[in-house]
Amino acid sequence: MIKNLLLPRKLVLLLLASANTWNSCVQKVQKALLQSDVHAKSDKSPVTVADYGSQAVVSFVLQKELSSSPFSLVAEEDSGDLRKEDGQETLQRITKLVNETLANGGTASPLSDQDVLAAIDSGKSEGGSLGQHWVLDPIDGTKGFLRGDQYAIALGLLDEGKVVLGVLACPNLPLQSLACHDQHTIQGKAGCLFFAQVGTGTYMQSLDGSEPRKVNVSCTENPEEASFFESYEAAHSMHDLTSLIAKKLGVKAPPVRIDSQAKYGALSRGDGAIYMRFPHRGYREKIWDHAAGSVVVTEAGGVVTDAAGKPLDFSRGRYLDLDTGIIVTNQKLMPTLLNAVQESLKEKASSL
């Protein structure tokens with residue numbers, strides 16, 4: 001159980017204020033897309049000043065507000081590369097950006113480089129089934145961020161291994177449904193915040209602080225009328241498999257391909273009816289890529305399972321050990337979708 005039921009709403013308001021000041025900074029970085037903002041991690045995946053800075057800001061704010069409670073954070077980044085000699089210039093840029101953000105949010109005392117490193121490294125928790133653990137993806141969809149497209153700041157709370165709270169800040173997601181846009185020419189006012197707490201539903205508001213409104217997943221029952229989301233990057237999900245599944249379902253609309261957990265947010269408000277993700281063999285899903293998004297969708301009336309129809313298990317540490325992939329839809333479509341997924345997986349396996 002959540003120990004303090006007043007905390008989630010207070011935290012949402014706090015994160016909204018932090019998201020506004022932080023987004024103004026990271027969007028400057030995104031618009032510039034300077035090559036110097038990209039720092040290659042040891043595993044060769046791209047990480048920007050914004051990734052590290054976002055983790056430092058969220059970690060610092062959480063620890064400050066939760067100073068009376070045990071603090072555990074499972075987050076994507078660590079400071080190892082920043083502590084190396086060739087990472088010092090990047091570290092200085094991160095510290096500058098973090099202090100600008102915190103100053104805009106009313107924090108007067110600047111952080112040192114060492115303070116920032118410590119804030120980043122507070123995310124080294126392994127999580128698990130005991131106690132409470134915050135789960136953070138500081139910039140989910142880094143490649144989308146670098147392209148100037150969709151990304152999200154995703155924060156969830158685990159309580160005894162279950163996701164009980166989720167917040168998604170999606171600065172580039174339009175307030176109007178994606179169904180109203182050509183996905184390649186998205187226009188209009190953007191910047192959405194989704195938040196959900198178990199038992200209370202899912203809400204969306206603009207990042208400028210508009211009144212929140214309750215949202216629900218699509219009520220589509222006919223798969224032919226459904227549209228589906230998948231990862232923008234083919235390297236992140238097997239597009240040939242999702243295409244086969246869509247064909248079996250009779251889906252007529254082309255896939256909507258966008259980065260990050262913005263897909264979960266869009267699905268929670270009914271922009272589409274299905275989200276499918278099938279990583280290539282050998283890839284292990286991380287809990288920060290799905291924790292916040294999964295509760296945002298389920299509290300909006302959706303269902304999130306692996307390819308075998310089992311609920312995602314966030315209690316086993318930093319990774320999700322699941323069957324083949326992740327499928328998300330409404331309760332009425334799930335049986336049909338699950339059947340199409342399993343048939344397609346068998347066909348694909350038999351063709352190898």
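The following dialogue examines a predicted model of a protein chain.

Student: How many helices and strands are there in the protein chain, and what percentage of its residues are buried?

Tutor: The protein chain contains 9 helices and 16 strands. It has 352 residues.

Student: Among contacts between residues at least 6 apart in sequence, what percentage join residues at least 24 apart?

Tutor: The contacts concerned are those in the protein chain between residues at least 6 apart in sequence. Among them, the share that joins residues at least 24 apart is 72%.

Student: How many disulfides are there?

Tutor: A disulfide requires two cysteine sulfur atoms within 2.5 Å. The sulfur of Cys170 has its closest cysteine sulfur in Cys192, at 6.6 Å, which is too far for a bond. Cys192 is likewise in no disulfide. The count of disulfides is therefore 0.

Student: Are Cys170 and Cys192 buried or exposed?

Tutor: A residue counts as buried when its relative accessible area is under 20%. The relative accessible area of Cys170 is 0%, and that of Cys192 is 0%. Cys170 is therefore buried, and Cys192 is therefore buried.

Student: Which backbone oxygen does the side chain of Lys263 reach?

Tutor: Lys263 belongs to helix α7, residues 262–268. Lys263 is buried but has no salt bridge, the nearest side chain of opposite charge being that of Asp259, 6.4 Å away. A salt bridge would need a separation within 4 Å. At 2.9 Å, the side chain of Lys263 instead reaches the backbone oxygen of Ile258.

Student: Which residues is Lys263 in contact with, leaving aside its neighbours within four places in sequence?

Tutor: With those neighbours set aside, the contacts of Lys263 include Glu230 and Tyr275. The complete list is Phe229, Glu230, Ser231, Ile258 and Tyr275.

Student: With which side chain does the side chain of Glu230 make a polar contact?

Tutor: Glu230 is located in strand β10, residues 228–231, and is buried at 0% relative accessibility. Not counting residues up to four places away in sequence, Glu230 touches several residues, including Lys263, His239 and Tyr275. The polar contact, at 2.5 Å, is with the side chain of Thr242.

Student: How far apart are the C-alpha atoms of Leu117 and Ala56?

Tutor: Leu117 is part of helix α4, residues 113–121, and is buried because its relative accessibility is 2%. Leaving aside neighbours within four places in sequence, its contacts are Ser79, Leu82, Arg83 and Leu91. Leu117 and Ala56 are 61 residues apart along the chain. Their C-alpha atoms are separated by 7.7 Å.

Student: Which residues of α3 are buried?

Tutor: Helix α3 covers residues 88–104 and has 17 residues. From first C-alpha to last, α3 reaches 24 Å, close to the 24 Å expected at 1.5 Å a residue. In an α-helix there are 3.6 residues a turn, so residues three or four places apart point the same way. The buried residues of α3 are Thr90, Leu91, Ile94, Thr95, Leu97, Val98, Asn99, Thr101 and Leu102.

Student: Is Lys247 buried or exposed, and how far is it in space from Ala340?

Tutor: Lys247 has its place in helix α6, residues 239–249. With a relative accessible area of 70%, Lys247 is exposed. Lys247 and Ala340 are 93 residues apart in sequence. In space, C-alpha to C-alpha, the distance between them is 9.1 Å.

Technical notes
Residues numbered from 1 in each chain as written. Predicted model: local features only at pLDDT ≥ 70, side-chain atom pairs only at ≥ 80, totals over all residues. Heavy atoms only, no water. Buried < 20%, exposed > 50% of the residue type's maximum accessible area, 1.4 Å probe, protein only. Helix = DSSP H or I, 4+ residues; strand = E, 2+ residues; numbered from the N terminus. Lys, Arg positive; Asp, Glu negative; His and termini not counted. Polar contact = N/O pair within 3.5 Å; in protein donor to acceptor, adjacent residues only side chain to side chain. Contact = heavy atoms within 4.5 Å. Expected span 1.5 Å × (residues − 1).
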